[in-house]
Amino acid sequence: MDFDFSLILVVLTLVSGLIWLGFWLFVKVRTRGGSNAMIKEPVVVEYSRSFFPVLFLVLVVRSFLIEPFQIPSQSMMPTLEVGDFILVNKYSYGLRVPVLGYKFLDLGDPQRGDVMVFRTPEDNTTNYIKRVVGVPGDTVEYKDKRLTINGVPIDEKLIAALPAGAPRELYYEEQLGEKLHRIIKENYPNTGHEGKWVVPEGKYFMMGDNRDRSKDSRYIGLVPDENIVGRAFAIWMHWEKFLSLPSFTRVGSIQ
């Protein structure tokens, strides 16, 4: 079962806050009515008073500043590996209402080459992480494993073919916008989805850096602005398996 942690956090914060506020108002009314009797604080109010400030602080940080995620798939290799723990900037694309996703303060827009976390338009719940390839107004084409934007082929340079002798994976450097990053293509003809997409206002075309092993906008469609979660900017830990030791060798910024 998938849990919407953001929704759970919002509900717990609201419930604890309302219980605490309700009891405070109740005491005020009793005191104003002239009663001098001591009013014992119920256990549920005591817990709410203790937890509400902590829950509220966590809600503000996760919703408007920084939210941590763990990478579960190979779709963004070689940029991100399974087990990477990343940090996502929640304000660079504007401040949004928690859970609902509606932007109430515009601070910027996704740029070509950004690595972005978003809720897939398939169910509006599951978080995906991909690279921004097409922004509003762009025409994106993917054919024979070559990416073209607005009729201009995107620069890419082969840097490695692995394993040596019988290469199955080809590593390229790709220049997308101002971002120079690495991508992987399988060393066989394309069997995935090809086509041409026009990106309308308020939507984005996303692709994984592991081009042949990524379920992205070629399959799930364009990503609406209200589904944006934030911009991934750093790896702070790598922990692939529960029984393995955490590693900090991959700590650094995300290109």
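Student: Does Leu14 count as buried or exposed, and at what relative accessibility?

Tutor: Buried means under 20% relative accessible area, exposed over 50%, and partly exposed in between (1.4 Å probe, protein chains only). Leu14 has 53% relative accessibility, so Leu14 counts as exposed. Leu14 sits in helix α1; helices are DSSP runs of H or I, at least four residues, numbered from the N terminus. Before we go on: this is a predicted model, where local features need pLDDT of at least 70, side-chain atom pairs count only at pLDDT 80 or more, and totals for chains, interfaces and linings use all residues. Residues are numbered from 1 along each chain as its sequence is written, and side-chain values use heavy atoms, leaving out hydrogens and water.

Student: Which residues of α2 are buried?

Tutor: They are Val45, Ser48, Leu55, Leu59, Arg62 and Ser63. Their cover includes α1 (5-32), and contact means heavy atoms within 4.5 Å. Among the α1 residues that meet α2 are Leu9, Trp20 and Phe23.

Student: Where does α2 bend, and by how much?

Tutor: A bend is the angle between axes fitted to the seven residues ending at a residue and the seven starting there. Here α2 bends by about 35 degrees at Phe51, with a proline, Pro53, following within four residues.

Student: How far apart are the C-alpha atoms of Leu14 and Phe52?

Tutor: They are separated by 8.4 Å, although the two residues are 38 residues apart along the chain.

Definitions and conventions. Helix = DSSP H or I, 4+ residues; strand = E, 2+ residues; numbered from the N terminus.
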